[in-house]
Amino acid sequence: MTIKQLSIFLENKTGRINEVTKILGQHGINMHAFSMAETTDFGILRLIVSEVDKAVEVLREANFAVMLTDVVWITCPNVAGSLSHILDHLAEQHIFIEYMYAFAEGDQANVIIRPNDIDHCIQVLKECDCNIHNRI
Amino acid sequence: MIWNPYKECMSRDEMHALQSKRLQKLVTYVYHNVPFYRNKMQAMDLSPEDIHSIDDIVKLPFTTKQDLRDNYPYGLQAAPPSEIVRVHASSGTTGNPTIVGYTRKDLAVWSEVMTRALTAYGITRDDTFSVSYGYGLFTGGLGAHYGVENLGATVIPTSTGNTEKHIRLIRDLHITGIACTPSYALYLAETLEKMGLTKDDISLRVGAFGAEPWTENMRKEIEERLGLKGFNLYGLSEIMGPGVSYECEVQDGSHINEDHFYPEIIHPDTLVQLPHGQQGELVFTTLTKEGMPLLRYRTKDLCTLYDGQCACGRTSVRMGRIIGRSDDMLIIRGINVFPSQVESVILEMPEFEPQYMLVVDRVNNLDTLQVQVEVRRDFFGDDIGRMLNMKKTLADKLKSVLSISADVKLMEPGSIERSQGKGKHVIDKRKLV
């Protein structure tokens, strides 16, 4: 019930993200979602893409430090309070969220969650009003 | 003013005779007390009786920083431990610092040569003098301190740090002289201005600057902003500490205390002694040292020696500005840093590729050191906290080895330029010319 996220190490340097998106574009790989975590001198680009294995291969070829991370992808209704309801459940069960990112699309909101205990997280989510995706 | 006219203005013939006598005594002393030198001399089929005058110094073996490291900690010490009253240490490249032991007489000589320098700068017993070199294992603080006390001026042992408090002391105690690194002097000037004060609020008159290379432009800037006259003070812990040479009011090179430290210039590759006036590597022999006397110690500093009586009346040989190094040592905030020290730390940590770059710069008149390292692919993680920990661990280790803090920058694998043959590991952006 998890999906693979690409995590790419990037120096803070103008144009570095463009290089990632350019390579993916050239190889016809589509990005569904991404987020950027940054510190003063480096960042980690987290990506959900259409073809994970191919993306890893082409990025490593271009010398990027890429690794795969298991994350949970859920969709829930795009209405006020729906995410709060889910997060309440997770907190009650002592599930710690390392990071998450989200985007809304029409009636649905997509949320990517990286919890500390992924199996437990999925169990809890099953009891919530949301869909858990097992592939991209 | 001249503290010791007898020694500082000695005729060349007298100096030659004094140096010759002292060298003979020194060679006999180390031959019988330091196995390292005895073995070296025996291998060269040389005995103390072969030294008849100072000109025979070219027969003697050299000593290098590596020799000091190989004989860590006390291998080159000539005096028995009971005679050693103080130990200083300077940073080493492979974890072993250089240990220098001083006898009571060594400390007296050190005070004497520092006093000569201070007197040449115009300091008298009526002055109040702030020593802002670091106190501790570094020779700068205590070396200058004892010179000021020996002269009879009032010493304020401010050491380094807490610059605002320091400026208040300079103002309130009417401090007239200061010894510090030239970059710290500029930092003082900046802090003074930030505090809304000007050079007219303080009474600094003399600055003794050393422990790092500096330029005429820096001198002008420091003099203008602090309202003092800046003098060069040269020294190195292996030989003694600050006070090996000093500028006089004429400021045409630095007078070497050559009755104690005999200078030579050699070609750094052929090791042949060069005539005065030619540029090469500076070499010192400690003519009177008891604790850890050194024969022909290669400083790796590149400069030129000058003969001829100075307009100030001193007859001693003068050295020009240090124009560079014959090795890859960097002097950052007055501390010696070798790229190999950084390398040894990085090699110990499997998280990093054995690729690194030291970027040295001067920001707001303070030297900065950035160490760029590549994270190995296997150790790269999605967890930012872990990555920051990796960075902090390296920064902490570097700090303990280098004695100065470095800003660690994590780089992508493969992003540091690879070079063929001898690796390029340093980018020095400081403008010193």
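Residues are numbered from 1 along each chain as its sequence is written, while chains are lettered from A and ligands numbered from 1 in the order in which they are written. Because the model is predicted, local features need pLDDT of at least 70 and side-chain atom pairs count only at pLDDT 80 or more, whereas totals for chains, interfaces and linings use all residues.

Start with chain A. Its secondary structure comes to 4 helices and 7 strands. Helices (H or I, at least four residues) and strands (E, at least two) are DSSP runs, numbered from the N terminus. From that terminus on, the order in chain A is β-α-β-β-α-β-α-β-β-α-β. Along the principal axes, the C-alpha atoms of chain A fill a box of roughly 40 × 30 × 25 Å. Buried residues make up 25% of the 136 residues in chain A. A residue is buried if 20 or more other C-beta atoms lie within 10 Å of its own, exposed if 12 or fewer, and partly exposed in between; C-beta atoms are placed from the backbone. Now take the contacts in chain A between residues at least 6 apart in sequence: 68% join residues at least 24 apart. Two residues are in contact if their C-beta atoms, placed from the backbone, lie within 7 Å.

Chain A is divided into domain 1 (3-69) and domain 2 (71-133). Domain bounds come from an automatic or database domain assignment. The C-alpha centres of the two domains of chain A lie 23 Å apart. Their contact takes 7 residues from domain 1 of chain A and 9 residues from domain 2 of chain A. On the domain 1 side, β1 (3-11) and β2 (31-38) of chain A are the elements that give two or more residues. β2(A) gives the most, with 3 residues. By class, this side of domain 1 of chain A has 4 nonpolar, 3 polar and no charged residues. Ala, Val, Leu, Ile, Met, Phe, Trp, Tyr, Cys and Pro count as nonpolar, Asp, Glu, Lys and Arg as charged, and the others, Gly among them, as polar.

Next comes the interface between the chains. Here 13 residues of chain A are in contact with 13 residues of chain B. On the chain A side, the elements giving two or more residues are β1, β3 (42-49) and β4 (65-77). The largest share of that side, 4 residues, comes from β1(A). The chain A side divides into 7 nonpolar, 4 polar and 2 charged residues.

One residue of chain A deserves a look. A:Ile44 lies in strand β3 of chain A. A:Ile44 counts as buried because 23 other C-beta atoms lie within 10 Å. Leaving aside residues up to four places away in sequence, A:Ile44 touches A:Ser7, A:Ile8, A:Phe9, A:Ala37, B:Asp382 and B:Ile384.

Turn to chain B, which is divided into domain 1 (1-327) and domain 2 (335-428). The C-alpha centres of these domains of chain B lie 32 Å apart. In the contact between them, 9 residues of domain 1 of chain B meet 14 residues of domain 2 of chain B. Helix α8 (residues 182-194) of chain B gives the largest share of the domain 1 side, 4 residues. That side has 2 nonpolar, 6 polar and 1 charged.

In α2(B), the buried residues are B:Gln19, B:Leu23, B:Leu26, B:Val27, B:Val30 and B:Tyr31. They cover an arc of only 120° around the axis, which puts them on the same side of α2(B). The arc is that of the directions from the helix axis to the C-beta atoms. These buried residues of α2(B) pack against α3 (35-43) and β10 (261-266) of chain B.

Helix α7 (residues 163-172) of chain B has B:His166, B:Ile167 and B:Ile170 as its buried residues. Seen down the axis, they fall within an arc of 100°, so they line one face of α7(B). They pack against β3 (128-131) and α8 of chain B. On the other side of α7(B), B:Glu164, B:Lys165 and B:Asp172 are exposed. Just after α7(B), B:His174 takes a positive phi of about 55°.
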